[in-house]
Amino acid sequence: MRRREFLGVLGGAATMPFVARAQEREKVRRIGVVLPAAADDAQFQARLAAFYQGMALLGWSVGRNVRIDTRWATTNADDLRRHAAELAALAPDVLVAGTGTATAAPLLQATRTVPIVFVSVIDPVGAGFVASLARPGGNATGFTIYEYSMSGKWLELLKEMAPRVTRAAVLRDPAVASGIGQFGAVQIVAPSLGVQVSPVDVRDAGEIERAVTAFARGLNGGLIVTAGALTISHRQPIIAFAARHKLPAVYPASFHVTAGGLISYGPDVIDQFRRAAGYVDRILKGEKPADLPVQAPTKYELVINLKTAKALGLDIPQSVLARAVEVIE
């Protein structure tokens with residue numbers, strides 16, 4: 001072989017690993033996302049957009065090196081199970097449970113091998129999703145929304161906002177452990193605040209309306225809305241019922257307040273979706289969910305709607321206003 005030909009062959013061989021690596025980088029990876037909401041839900045559209053943004057910042061481009069299959073499952077349990085099974089059957093590289101136990105549980109029922117990143121799950125250990133927060137141990141990891149004990153802060157905040165409150169209805173989803181756990185945490189602090197609490201099960205708007213209307217017949221009442229897929233999907237009627245019966249109410253997320261609710265305290269869920277992109281990226285690059293610790297929220301928000309407070313005849317204490325990250329006037 002001539003020297004020039006030999007060097008040409010050698011040069012081509014030397015570049016082959018680089019070509020192969022470039023081709024591997026451009027391999028299209030597949031992600032499945034299930035969301036417990038209708039496709040026109042603005043709040044969940046914002047969450048999904050934050051996830052897309054996080055993926056883009058990490059170098060993932062839809063159509064070039066990643067495909068994202070999204071299922072809008074609403075909060076119907078049968079729909080969630082069906083969509084979870086459909087996504088798992090696509091053999092994706094990663095699945096994303098987009099908010100709470102309602103989406104994480106069906107995905108884990110559908111597969112124990114495909115990596116799962118969950119967002120805003122209240123008690124992943126108690127729900128059996130992970131062995132521990134530090135060492136998940138299975139095929140799932142993700143982000144908690146907060147510990148049950150934080151639910152007691154909602155009642156403290158309600159009493160601080162409306163000292164006359166001696167009765168509080170706690171809207172919760174009784175079908176999931178987190179709904180029961182949040183109510184239990186509120187119950188624990190209630191005696192020290194001189195408030196009697198009672199649960200209101202959230203299944204559909206009609207049931208909520210009947211329960212809130214019956215509760216509002218008594219004096220000195222207030223509402224606490226716990227976190228969950230059902231309280232999110234029914235947020236508009238809940239806010240409307242609270243306004244109709246002039247009940248001061250505390251909500252778990254800021255979007256309740258921007259929609260007309262009185263006050264909210266809770267983590268920045270949009271931020272969690274951005275952070276979820278980071279875990280998906282690490283898994284796509286070879287890390288295992290079993291080795292990625294479940295993370296707690298890093299940002300909390302207190303948001304107040306002064307227009308709603310005025311309609312209720314409430315003067316917001318300066319001590320509360322000073323803690324707010326946003327005041328809607």
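Reader: Which residues have the most contacts inside the largest nonpolar core?

Author: This is a predicted model, and the answer should be read with that in mind. The largest nonpolar core holds 61 residues, and helix α11, which covers residues 269-284, gives the largest share of this core with 8 residues. Apart from this core lies another one of 19 residues, with Leu80, Ala105, Phe118 and Val121 among them. Within the largest nonpolar core, the residues with the most contacts are Ile31, Phe51, Leu155, Val197, Ile263 and Val280.

Reader: With which residues is Phe51 in contact, leaving aside its neighbours within four places in sequence?

Author: Phe51 is among the residues with the most contacts inside the largest nonpolar core, a list that also includes Ile31 and Val280. Once the neighbours of Phe51 within four places in sequence are left aside, its contacts are Ile31, Val33, Ile68, Val96, Phe273, Ala276, Ala277 and Val280.

Reader: Is Asp271 buried or exposed?

Author: Asp271 is found in helix α11, and, leaving aside neighbours within four places in sequence, Asp271 is in contact with Thr298 and Lys299. The C-alpha atoms of Asp271 and Lys299 are separated by 7.8 Å, although the two residues are 28 residues apart along the chain. Because the relative accessible area of Asp271 is 10% and the limit for this class is under 20%, Asp271 counts as buried.

Reader: How many residues line the largest pocket, and which of them lie nearest its centre?

Author: About 630 Å³ of space lies in the largest pocket, and its lining divides into 23 nonpolar, 10 polar and 4 charged residues. The lining is made up of 37 residues, and those nearest the centre of the pocket are Thr101, Ala102, Asp173, Val176 and Ala229.

Reader: Which element supplies the largest share of the lining of the largest pocket?

Author: Several elements each supply at least two residues of this lining, namely α3 (77-89), α4 (101-110), β4 (116-121), α6 (177-193), α8 (229-233) and α10 (254-258). With 5 residues, the largest share of the lining comes from α4.

Reader: What is the volume of the second largest pocket?

Author: The lining of the second largest pocket divides into 11 nonpolar, 3 polar and 2 charged residues. The volume of the second largest pocket is about 260 Å³. Of the 16 residues that line this pocket, Ile122, Leu133, Thr144, Tyr146 and Glu147 are the closest to its centre, and the volume asked for is about 260 Å³.

Reader: Which residues line the largest cavity?

Author: The structure holds 1 cavity of 30 Å³ or more, and about 30 Å³ of space lies in the largest cavity. By class, the residues of its lining divide into 3 nonpolar, 2 polar and 1 charged. By name, the residues that line the largest cavity are Thr101, Asp123, Ala127, Tyr148, Ala177 and Ser178.

Reader: Does Asn305 count as buried or exposed?

Author: The place of Asn305 is in strand β11, which covers residues 300-305. Not counting residues up to four places away in sequence, Asn305 touches Val257, Gly260, Gly261, Leu262 and Ile328. Because its relative accessibility is 6%, and the limit is under 20%, Asn305 counts as buried.

Reader: Is Val325 buried or exposed?

Author: Val325 is found in the loop between α13 (318-321) and β12 (326-328). Leaving aside neighbours within four places in sequence, Val325 is in contact with Tyr300, Glu301, Leu302 and Val303, and the C-alpha atoms of Val325 and Tyr300, which are 25 residues apart along the chain, are separated by 9.0 Å. Because the relative accessible area of Val325 is 55%, and that class begins over 50%, Val325 is exposed.

Reader: What percentage of the residues of the protein count as buried?

Author: The secondary structure of the protein comes to 13 helices and 12 strands, and along its principal axes the C-alpha trace spans about 100 × 40 × 35 Å. The protein exposes about 15,000 Å², of which carbon and sulfur atoms supply 55%. Among the contacts with a separation of 6 or more, residues 24 or more positions apart account for 70%. Of the 329 residues of the protein, the share that counts as buried is 49%.

Terms used. Residues numbered from 1 in each chain as written. Predicted model: local features only at pLDDT ≥ 70, side-chain atom pairs only at ≥ 80, totals over all residues. Heavy atoms only, no water. 1 Å grid on protein atoms, 1.4 Å probe; cavity = no way out; pocket = protein on both sides within 12 Å on 5 of 7 lines; lining within 4 Å. Points joined across faces, edges and corners; volume = space filled by probe spheres on them. Nonpolar A, V, L, I, M, F, W, Y, C, P; charged D, E, K, R; others polar. Core = buried A, V, L, I, M, F, W, Y, C linked by side-chain atoms within 4.5 Å. Buried < 20%, exposed > 50% of the residue type's maximum accessible area, 1.4 Å probe, protein only. Helix = DSSP H or I, 4+ residues; strand = E, 2+ residues; numbered from the N terminus. Contact = heavy atoms within 4.5 Å. Areas by Shrake-Rupley, 256 points an atom, 1.4 Å probe, with all protein chains shown as cover.
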